[in-house]
Amino acid sequence: MAAPKNHLIWNMTRKCNFACDYCYFPHDHSPVDSVLPADTIVEFLDGTGLEWVVGMTGGEPFIYPGFIDLCKTITQGHKISLDSNLSVAGKVKHFAREIDPERVYDIYAALHIAERERTGGVEAFIDNVLLLKSKGFHIVVNYVIYPPLVERFHKDQAFFASQGVDITPRPFKGVYQGQKYPQGYGDAAKDLFQGHERAGRKMVHNFHGVLCEGGRTFIRMEPDGTIFRCTGDHTVLGNILTGVTLLEQPEPCSVARCPCLGPNYVRLTPEQELVMNGLTSFMVGDLEAATLHLEKAVNKGELLPNAVNNLGVIAWRENQLETALERFQQ
């Protein structure tokens, strides 16, 4: 599915009814006590003269007060996408009844298997996914491969497939036992992620200095209404309650690591796009495709150190030591 042309990522709340080991938010199960007026959000979106996709994420969106009515209001003139654990079964069913799937770009359902099992919610999760699919919603079920889950992933994948639910592996980003991830998957990446390009695009890219639509057609909103240029660049563009000024043209990325949707909104040269595709293939263990993309980038004539270096890494992994040495020296 093509990326939305105009995308507002709304971090609705930091609060969640789950307590996953790898979550980067503090575990806060208390009720959400701060909400933004739906009409104000719609007024801002309408004022741009564009149709937006509002990416509703958190925390857990379904615990947000008045969530279904909020979705109804926004989807009158815009679309939404949803990032949820689908654990609030009653509200999920209400959502499925009341919201037009044509106005929902996608639903990104987080399985979080360890927490799901701890709360006894596996069967309910399957029921909710199948309900949404039956109503015509485009739904992707993701499975964060936290390092302790590596050995059980394929067993879980087979079980959910037997229940009619396909799961997509999602790389863990962070540090576990002193090892940085997703780099730490090493040779296991091919077994875990092969065939899942979306997982490869979830790796952390470096677009520093590259023109990006962040702040113009891709922005992030905090729970209090503050608008940032994007998830990584915390340049404040205003507040939804008092006024927002979007950038008039693409500007260079200002951060060293893109934590979010940069691959969809950066303006890459053909060579840079080949490098990104090579790194994406490398992440999912497809070394043949990675080599092809990176060699094409190098053969275009511009010396791209990251492309050459990664060709060396691939050669080293394939035990082609002389080739690896040549690449590293280059």
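In which loop is the place of Gln 177? Gln 177 sits in the loop between strand 7 (174-176) and strand 8, where helices (H or I, at least four residues) and strands (E, at least two) are DSSP runs numbered from the N terminus. The structure is a predicted model, in which local features need pLDDT of at least 70 and side-chain atom pairs count only at pLDDT 80 or more, while totals for chains, interfaces and linings use all residues. Residues are numbered from 1 along each chain as its sequence is written, and side-chain values use heavy atoms, with hydrogens and water left out.

**Backbone features**

Although Gln 177 is not a glycine, it has a positive phi of about 50 degrees, and at 70% relative accessibility it counts as exposed; here buried means under 20% relative accessible area, exposed over 50%, and partly exposed in between (1.4 Å probe, protein chains only). Leu 86, likewise not a glycine, has a positive phi of about 55 degrees and lies in the loop between strand 3 (79-84) and helix 3, but at 1% relative accessibility Leu 86 counts as buried. Leu 86 is also among the contacts (heavy atoms within 4.5 Å) of Asn 128, which, leaving aside neighbours within four places in sequence, touches Ala 89, Val 92 and Lys 93 as well. Asn 128 itself belongs to helix 5 (residues 122-134) and is buried, with a relative accessible area of 2%.

Two cis peptide bonds can be described. One joins Gly 58 and Gly 59, with omega about 20 degrees, and Gly 59 is found in the loop between strand 2 and helix 2 (67-74). Another runs from Tyr 181 to Pro 182, with omega near 20 degrees, and Pro 182 has its place in the loop between strand 8 (179-181) and helix 7.

**Helix 6 and its surroundings**

The buried residues of helix 6 (residues 153-162) are Phe 153, Asp 156 and Phe 160. Seen down the helix axis, these buried residues fall within an arc of 65 degrees (taken from the directions from the axis to the C-beta atoms), so they line one face of the helix. Lys 155 and Ser 162, on the other side of helix 6, are exposed. The buried residues pack against helix 4 (113-118), helix 5, strand 5 (139-145), strand 6 (167-171) and helix 7 (188-193). Just after helix 6, Gly 164 takes a positive phi of about 90 degrees.

**Salt bridges**

A salt bridge is a side-chain nitrogen of Lys or Arg within 4 Å of a carboxyl oxygen of Asp or Glu, and by this rule the count comes to eleven. Among them are the pairs below.

| Pair | N to O distance |
|---|---|
| Glu 51 and Arg 103 | 3.3 Å |
| Arg 152 and Asp 156 | 2.7 Å |
| Glu 222 and Arg 220 | 2.7 Å |

Regarding the pair of Glu 51 and Arg 103, Glu 51 lies in the loop between helix 1 and strand 2 and Arg 103 in the loop between helix 3 (89-98) and strand 4 (104-110), so the pair ties together parts that are 52 residues apart in sequence. Glu 51 is partly exposed, with a relative accessible area of 42%. Arg 152 is partly exposed at 26%, whereas Asp 156, at 7% relative accessibility, counts as buried.

**Nonpolar cores and surface**

A nonpolar core is a set of buried Ala, Val, Leu, Ile, Met, Phe, Trp, Tyr and Cys residues joined through side-chain atoms within 4.5 Å. Of the 66 residues in the largest nonpolar core, Trp 10, Met 56, Phe 67 and Phe 95 touch the most other members. Apart from this core lies another, of 14 residues, among them Leu 274, Val 298, Leu 304 and Ala 307.

Elsewhere, Leu 50 lies in the loop between helix 1 (38-47) and strand 2 (53-57) and, at 40% relative accessibility, counts as partly exposed. Leu 50 and Gly 77 are 27 residues apart in sequence and 9.6 Å apart in space, C-alpha to C-alpha.
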